[in-house]
Amino acid sequence: MPLEKSTMPGFAGSSAYYLRYMDPRNDEALVSREADEYWRSVDLYVGGTEHATGHLIYSRFWNKFLHDLGYSVEDEPFRKLVNQGMIQGRSNFVYLIPGTNKFVSLGLKDQYETISVHVDVNIVYNDRLDLDKFRAWRPDYKDAEFVLEDGEYICGWAIEKMSKSMYNVVNPDHSRHSSPVRDVPRPGRAGQALGYQGNRWCPPFPPQVLAHVLGPREVACHRRCADSG
């Protein structure tokens with residue numbers, strides 16, 4: 001794979017775009033002195049703790065560089081940073097016997113030497129693993145064997161940061177399985193906590209939101225989801 005040598009568009013361009021927003025139709029300069037003195041800086045930057053912090057480090061570097069050259073009137077480009085809350089998801093685990101392709105159910109794992117492995121929550125239902133979907137999930141697991149409890153594989157669980165690497169991401173569109181109203185997750189999530197507070201994804205959503213957009217049967221579905229952990 002060839003080495004990418006053109007890093008300026010991503011490094012500089014994405015770090016100084018706020019200056020361009022002040023004067024987007026200027027064909028002579030990044031931003032005119034008049035426009036920069038009018039808008040001056042960004043009042044509020046809202047972003048996630050990881051992405052926003054990294055981005056602001058680059059932005060401050062470039063803004064101070066441009067300020068030293070006289071192209072930016074403000075030494076600091078952003079007045080305030082607010083991190084939106086981190087959404088937490090409910091992760092599930094299977095328990096693998098090292099050196100094998102055999103997985104032990106939660107209640108029996110202490111009888112074996114095992115390691116915990118994240119599993120896609122979308123193939124787990126009330127902590128019961130769908131064995132056929134698990135075998136089809138990844139090529140490594142197509143021949144997986146299981147030590148079951150009463151004919152079922154029970155997964156472990158934990159509340160963690162919602163992340164692709166932990167296989168606990170839930171697509172909001174999939175919430176339609178418990179409600180015919182697509183936009184329930186949006187007002188529901190907004191009503192659970194302030195924007196800068198972390199929160200779990202799983203319902204229940206606030207009663208006033210559910211009562212406004214759902215009927216009694218759908219409200220009961222959301223409550224059952226919450227009761228399952």
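**Figure 1. Asn-63 reaches the backbone oxygen of Glu-74 through its side chain, at 2.7 Å.** This is a predicted model: local features need pLDDT of at least 70, side-chain atom pairs count only at pLDDT 80 or more, and totals for chains, interfaces and linings use all residues. Residues are numbered from 1 along each chain as its sequence is written, and side-chain values use heavy atoms, with hydrogens and water left out. Asn-63 is buried, at a relative accessible area of 2% (buried: under 20% relative accessible area, 1.4 Å probe, protein chains only). Its touching residues, beyond four places away in sequence, include Tyr-18, Leu-19 and Pro-77 (contact: heavy atoms within 4.5 Å).

**Figure 2. Tyr-45 and Phe-78 form an aromatic pair, one of 16 in the structure.** Rings of Phe, Tyr and Trp (its six-membered ring) pair if their centres lie within 6.5 Å; planes under 30 degrees apart are stacked, over 60 edge-to-face, the rest tilted. Here the centres are 5.1 Å apart and the planes at 80 degrees, so the pair is edge-to-face. Both residues are buried.

**Figure 3. Phe-134 and Tyr-141 are stacked.** Their ring centres lie 4.7 Å apart, with planes at 10 degrees. Phe-134 is buried at 0% relative accessibility; Tyr-141 is buried at 9%. Ring pairs link both into a cluster with Phe-103, Trp-137, Phe-146, Tyr-153 and Tyr-167.

**Figure 4. Lys-109 lies over the face of Tyr-95.** The distance to the ring centre is 5.2 Å. Arg-138 lies over the face of Trp-137, at 5.5 Å from the ring centre. The criterion: NZ of Lys or CZ of Arg within 6 Å of the ring centre and within 35 degrees of the ring normal.

Technical notes. Buried means under 20% relative accessible area, exposed over 50%, partly exposed in between (1.4 Å probe, protein chains only). A polar contact is a pair of N or O atoms within 3.5 Å; within protein, one must be able to donate a hydrogen and the other to accept it, and residues adjacent in sequence count only if both atoms are side-chain atoms.
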